[in-house]
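The following note sets out, point by point, remarks on the fold and the helix packing. It is meant to be read with the structure open alongside.

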Amino acid sequence: MSISVQIHKQLRAAERTFRLDISFSSASNRIVLHGPSGSGKSLTMKAIAGLMTPDSGKVVLNERTLFDQESHTNLRPQERNVAYLFQDYALFPHLNVAQNIAFGLRRGCFNLRRPASHPAVQRWLQAFELEATAHSYPAQISGGQRQRVALARALVSQPDILLLDEPFAALDPSLRTHMRRELDDLQQQTGVPMLIITHDPADVEAFGEAVYEVRDGTIRQQL
Amino acid sequence: MQSFWIPLLLSLKVAGWATVINLFLGVTAAFGLSRWRSSWRDLIDSILTLPLVLPPTVLGYYLLVLFGKRGPLGAWLAQYGIELVFTWQGAVIASTVVAFPLVLKSARSAFEQVDHQLENAARVLGVSEAGVFFRVSLPLAARGITAGVLLAFARALGEFGATLMIAGNLPGRTQTLSVAIYEAVQAGDDNTATALVLITSATCVAVLLIAGRLMPGQLRRSDLS
């Protein structure tokens, strides 16, 4: 995996302006952007996923240009083949666990019929021990299960990279250690490249192969 | 004593059509307005909400000017042999216009309450914009839209002023329940008036009860979150 990010963006809110000026490139499968909240980590992730358009710069993933202001390239989020694990998971509350996991397997106007019997969905239901909850709704399952569903939903369409936004922040501390180990195992088994943003030093310790320190909208140092 | 069935069925037919038309128009306009970033948005929203505050007679007058024989739309439609003044289709137009803001308002606020993060999650998963609408935005807004559509149906069922002006009061052809009640009272026929009033009230209660039952389980589940 190789990723190269060079983005600039100026944001104005009331009397405050925020300058995002991020530049890094890495061939590691485990990249961590570490820094306090409000430092621009989430914006960087959104720019990679195509949910935010930078003013200028370039984003290249595996030699595929996702965004290049100079050549007016700006792939839509749908075309980028990245997976995004939102901080609060963003599970669809009106769909059950199996339907949530199967969501990306159909790109048109209808949900997959009988998702629980689709082989890819079955595989992930099994891998995360979610079979018993396949027909439950997100509001009916535990925090750890919710994260597993979100991970399964993200991985089912075989993305080029998995973007994780503060993946353990919504969990209570005892579960956090457990899920951290689970994600670690998952990454080693599947080999899916990950980019994690976090303010938690424990995440840096567990996943940091290539660690970048983000402060006030720029990369301060590479560890 | 005249048959009560004729004005009742006509009222249901007119309100039914007006509701179906408003479901499409109202939801489309509401979704557009909830996503459109422009300073014109509030002005357009105000204009589309006008039927809620304007007296129905004013609306009826506008409709007559538009759809009358010499009106711009009326003259154009007449070329194709379509006439709306003094027809039940005219009553549908009147009811549609009067009830439109009820669908627009509820649907717009329902769409605005949908968490944008869920829509973005669907986009990142590769789902097309149409898919995001039909699989995320619309089902999550369905409750609010249903509430607006029910109100619109009830409003259309009771429409009087604008209907009277554009469709008139032709028994058996354009005489809806509320117009028939007005005529019965004017003629001093208290028995007919009482009967029609009771029928109208019972119909509205029945409509609300049926609508409550028809609400699909899928929509109820969205309450869980």
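1. Read from the N terminus, the elements of chain B follow the order α-α-α-α-α-α-α-α-α-α-α. The count for chain B is accordingly given as 11 helices and zero strands. The coordinates are those of a predicted model, and the remarks below should be read with that in mind.

2. Regarding overall dimensions, the C-alpha atoms of chain B occupy a box of roughly 65 × 40 × 30 Å along the principal axes.

3. Helix H1 of chain B covers residues 5-35. With 1.5 Å for each residue, its 31 residues should span 45 Å, and the C-alpha atoms at its ends lie 44 Å apart, which agrees.

4. H1(B) packs on helix H7 of chain B (residues 129-157) at an angle of about 145 degrees, the two axes being 9 Å apart. The crossing of this pair is right-handed. On the H1(B) side the contact comprises Ser11(B), Val14(B), Ala15(B), Ala18(B), Thr19(B), Asn22(B), Leu23(B), Gly26(B) and Val27(B). Their counterparts in H7(B) are Ile145(B), Gly148(B), Val149(B), Ala152(B), Phe153(B), Ala156(B) and Leu157(B). By class, this contact holds 11 nonpolar and five polar residues, with no charged ones.

5. H6(B) contributes Leu118(B), Glu119(B), Ala122(B) and Arg123(B), while H7(B) contributes Val132(B), Arg135(B), Val136(B) and Ser137(B). The residues of this contact divide into four nonpolar, one polar and three charged.

6. A further pair consists of helix H3 (residues 56-67) and helix H5 (residues 88-113), both of chain B, which pack at about 130 degrees with axes 11 Å apart. How are H3(B) and H5(B) oriented to each other? An angle over 145 degrees would count as roughly antiparallel, and 65 to 115 degrees as roughly perpendicular; H3(B) and H5(B) are therefore oblique to each other. H3(B) passes H5(B) in a right-handed crossing.

7. In that pair, Pro56(B), Leu59(B), Gly60(B), Leu63(B) and Phe67(B) of H3(B) meet Gly90(B), Ile93(B), Ala94(B), Val97(B) and Val98(B) of H5(B). Eight residues of this contact are nonpolar, two are polar and none is charged.

8. Finally, the interface between the chains deserves attention. How many residues of chain A are in contact with chain B? There are 23, and they touch 23 residues of chain B. On the chain A side, strand S7 (residues 82-85) supplies the largest share, three residues. The chain A side consists of 15 nonpolar, seven polar and one charged residues.

Methods
Residues numbered from 1 in each chain as written. Chains lettered and ligands numbered in written order. Predicted model: local features only at pLDDT ≥ 70, side-chain atom pairs only at ≥ 80, totals over all residues. Axes fitted to C-alpha atoms, helices over the stretch in contact; angles between N-to-C directions. Helix = DSSP H or I, 4+ residues; strand = E, 2+ residues; numbered from the N terminus. Parallel < 35°, antiparallel > 145°, perpendicular 65-115°, else oblique. Left-handed = near helix turned anticlockwise from the far one by under 90°. Contact = placed C-beta atoms within 7 Å. Nonpolar A, V, L, I, M, F, W, Y, C, P; charged D, E, K, R; others polar. Expected span 1.5 Å × (residues − 1).
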